[in-house]
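Reader: I'm new to this one and a bit lost. Please pick one part, take a close look at it, and then show me how the rest connects.

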Amino acid sequence: MSTEFIIAAIVTIVGLTTPILLAALGELVVEKAGVLNLGVEGMMLMGAICGFGATVSTFNPWLGILGAAAGGALSSMLFAVLVLELNSNQVATGLALTIFGTGLSSLMGLSYTGFIVPVFGSIFPASLASDPYLKVIFGYSPIVYFALIMVPAVAWFLKSTRAGMILRAVGENDLSAHSIGYSVKGVRYAAIAFGGAMAGIGGAYFSMVITPMWAEKMTAGRGWIALALVVFAGWRAGRLLVGAYFFGILMALELYAKAAGFSFLPSQFWAAMPYLMTIVALSVISIRDRSGGNAPACLGKPFLPST
Amino acid sequence: MANEPMARLELKSITKRFPGVLANDQVSFSVQPGEIHALLGENGAGKSTLVKMIYGIMQPDGGEIRWNGERIVVANPKAARKLGIGMVFQHFSLFEAMTVLENIALGMDAKIPARELEARIKEVMTQYGLKLEPHRIVSTLSVGERQRIEIVRALLLNPKLLIMDEPTSVLTPQEVEQLFVVLRQLASEGCSILYISHKLHEIKALCHTATILRGGKLVDTCNPSVETSRSMAEKMIGGNLKTIEKAEGRKVGREKLIVNRLNMPARSHFGVSLKDITFTVREGEIFGIAGVAGNGQNALLLALSGETLTDDPGAITVDGAQLGRLTAKQRRLAGVSSVPEERNGHAAVPEFTLADNSVLTARDRLGMVKAGLIDHKAARTYAGEVISTFAVKALGPGSTAGSLSGGNLQKYIMGREIMQNPAVLVVSQPTWGVDAGAAAAIHQALVDLAASGSAIVVISQDLDELLSLCDTLAVINEGRLSPAMKVADADIEEIGLLMGGVHGDPAATANLHPEVAHAH
């Protein structure tokens with residue numbers, strides 16, 4: 001294996017990993033607050049179209065990213081109002097959000113079909129970003145570095161800040177947190193909005209970096225992998241990074257298997273690998289710890305204070 | 001005494017009304033600095049309502065609260081804490097997956113940096129000998145250790161008054177003793193303590209003054225060291241308690257239920273294992289099992305009902321038939337019925353109708369299932385019979401179990417089992433949280449069932465209940481059952497000692513303890 005091949009592989013893997021890492025980090029925070037939002041896929045698509053649209057309108061990819069975050073967060077607020085104010089079933093509402101986000105993004109995308117924006121690529125000088133070797137460090141979109149910075153940031157926020165501690169408390173025992181005097185709804189709104197924004201940025205990676213154009217359902221189910229990844233990582237940010245790259249490698253294998261024309265296994269097998277591994281990982285985790293390990297105790301349950 | 005101007009806390013004619021109930025009726029008493037003041041009364045006497053008003057969770061409808069001589073309104077718990085009132089609840093509101101330190105930090109009104117807080121926690125812990133590891137996860141702690149978190153949390157605020165709501169109901173005797181040492185030290189430093197309990201021996205051992213409530217009214221304020229347990233119990237229960245009518249000439253017959261060296265490993269890290277449980281219940285006999293909560297009562301009920309199976313088929317026999325390996329369904333067919341402690345979710349499904357709930361335990365004995373289909377008519381008829389026979393206040397067999405009050409649901413559940421005429425009935429906490437009228441009805445039904453020749457096992461933490469109801473009594477402690485004794489010649493002191501873990505062999509008891517407290 002040549003050095004060029006390895007560098008190309010790493011660049012591919014990083015590209016494939018970044019969107020699921022971003023979306024999963026967001027969902028991690030949401031779930032730590034005790035809310036299960038299955039609408040990640042829908043929020044990613046909303047982020048993809050809003051980011052693309054904002055870039056087309058402003059010619060500024062940074063505003064595009066802002067638009068993507070806003071698009072994801074706004075769509076997540078729809079879920080938040082239903083789940084937090086009306087105590088609707090979180091699983092059903094999350095699925096509805098995915099369907100809604102898929103549909104609405106397609107509708108919004110009609111007017112953007114055929115547009116192409118410049119790739120939101122590396123902001124480092126070309127001497128670094130295009131260097132055949134150094135590009136493995138400097139050759140990525142700012143979104144990639146943002147995702148990598150967010151891993152320790154989220155871990156630090158949850159573990160070491162008072163706000164993070166309150167967020168975990170709300171996810172662990174909402175009634176106690178309420179009785180002590182913390183705003184359970186307020187914390188959950190904020191967490192859901194953060195999750196939406198992160199999923200939106202993850203989605204925008206598709207429309208602004210990978211293929212700098214809009215296509216319907218372009219996130220191709222990555223939102224579901226992000227959801228599985230949170231469980232796979234046992235609700236820990238550090239493991240989330242490892243898990244995201246594991247899935248990234250599996251997805252890269254599919255591409256290379258296709259390109260190299262491996263005939264001993266059909267490419268569909270490689271395509272199915274991440275999903276298969278999700279099932280395997282979830283089974284292993286559930287066998288190892290029947291209580292669900294590190295899962296927040298209030299995950300997915302409606303908050304119904306008595307007073 | 002009630003008019004002393006410098007009382008730490010003074011209540012004057014406090015009244016609180018709930019729809020249909022007068023929870024507190026003109027209650028007045030005062031607590032001095034450094035005094036340990038007991039608030040004594042049965043379930044539903046109004047103790048909890050009273051302290052909730054002191055702690056600002058509820059507001060009184062009438063009367064006034066004075067704090068150091070000044071009239072105050074406690075708007076909410078935060079205001080109470082600001083005044084210097086701390087409270088340790090019966091049921092802890094802890095965050096299981098978080099550390100001790102985080103739990104304490106979450107409960108503090110002021111934002112204190114983690115390092116400073118940890119130093120202050122350590123200071124409080126050494127001062128009062130409360131051992132806790134700040135970085136342990138709460139779910140790995142025993143109940144006693146969890147209570148210590150709540151106490152430390154309260155002590156960090158330097159309270160002038162500490163309210164303890166039934167603090168010992170979940171503690172082992174050793175933990176109770178440790179708690180008392182802390183409370184005495186606090187009192188000696190001038191902190192007042194309002195101690196809620198219905199355990200007379202504890203109040204005699206700990207408290208300087210006792211205020212007794214009954215039916216929301218203050219009955220008496222007395223000095224527990226002068227009173228006897230009996231005199232306080234009479235004030236607490238009142239003279240008008242219905243006596244149980246036992247049939248004339250009732251005789252116990254031949255041996256029915258024989259439990260012989262029943263062993264059961266603990267179900268979880270903090271569960272209690274059963275060790276060589278041995279007892280015999282005869283026809284027509286009511287056998288009581290006393291003990292402090294968490295000493296293996298639940299494990300024993302599950303082992304007898306068939307929810308957990310023993311390896312030894314002969315450990316449980318009824319009329320000579322070996323039941324140890326039989327499932328709950330098979331045991332019911334063999335005539336063993338049981339009523340667990342938890343009404344909602346264990347004894348009954350709250351979302352099901354009363355008729356459907358009757359199918360759950362009576363389907364086989366009363367033939368409510370035909371060709372795999374539920375005979376709804378039979379279920380409704382039976383449920384209706386139970387409702388009318390046991391005077392259950394419900395709209396009918398179609399009411400959901402969850403819509404009934406605790407006492408009515410308990411009557412229904414007891415009736416559902418009793419009307420199947422079980423050969424053996426095992427009940428846990430038959431009158432827990434049940435009003436006096438329903439409790440008397442349940443007791444009478446048990447006595448009547450025994451008179452018809454059934455063998456009955458009553459597991460209860462309420463010693464008075466057992467003494468009035470049972471023929472024979474044994475005490476469970478750390479999963480070990482004491483020898484049985486006739487209630488007629490039972491010695492209260494001895495029962496108290498057995499409940500506190502002083503068996504014939506003290507060394508064995510001492511060795512048992514570490515298994516329970518630190519299984520992790």
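Author: Let's start with helix H11 (residues 222-232) of chain A, where ten of the eleven residues are buried, leaving the helix mostly covered. Before we go on: this is a predicted model, in which local features need pLDDT of at least 70 and side-chain atom pairs count only at pLDDT 80 or more, while totals for chains, interfaces and linings use all residues. As for labels, residues are numbered from 1 along each chain as its sequence is written, and chains are lettered from A and ligands numbered from 1 in the order in which they are written.

"Helices" (H or I, at least four residues) and "strands" (E, at least two) are DSSP runs, numbered from the N terminus.

The buried residues of H11(A) include A:Arg222 and A:Gly223, and A:Phe232 is another of them. Just past the end of H11(A), A:Gly234 takes a positive phi of about 60°.

Now look at where chain A meets chain B. Twelve residues of chain A are in contact with twelve of chain B, contact meaning C-beta atoms, placed from the backbone, within 7 Å. On chain A's side, helix H8 (162-172) and helix H9 (174-180) are the elements that give two or more residues, and H8(A) has the largest share with six. By class, that side has five nonpolar, four polar and three charged residues. For those classes, Ala, Val, Leu, Ile, Met, Phe, Trp, Tyr, Cys and Pro are nonpolar, Asp, Glu, Lys and Arg are charged, and the others, Gly among them, are polar.

B:Val100 and B:Leu106 are among them.

Another spot to look at is B:Val88, in strand E6 (residues 85-88) of chain B. B:Val88 counts as buried because it has 21 C-beta neighbours inside 10 Å. Leaving aside residues up to four places away in sequence, B:Val88 touches B:Gln147, B:Glu150 and B:Met164, among others. B:Ile151 is 63 residues from B:Val88 in sequence, but their C-alpha atoms are 6.3 Å apart.

Further along chain B, helix H11 (residues 354-362) packs against helix H13 (residues 406-418) at an angle of about 40°, with the axes 10 Å apart. That makes H11(B) oblique to H13(B); under 35 degrees would be roughly parallel, over 145 roughly antiparallel, 65 to 115 roughly perpendicular, and the rest is oblique. The residues that meet include B:Leu354 and B:Ser358 in H11(B), and B:Tyr412 and B:Arg416 in H13(B). In all, that contact divides into three nonpolar, two polar and two charged residues.

Finally, step back to chain B as a whole. Its secondary structure comes to 17 helices and 23 strands, and 45% of its 520 residues are buried.

Methods: A residue is buried if 20 or more other C-beta atoms lie within 10 Å of its own, exposed if 12 or fewer, and partly exposed in between; C-beta atoms are placed from the backbone. Axes are lines fitted to C-alpha atoms, for helices over the stretch in contact, and angles run from 0 to 180 degrees between N-to-C directions. Two residues are in contact if their C-beta atoms, placed from the backbone, lie within 7 Å.
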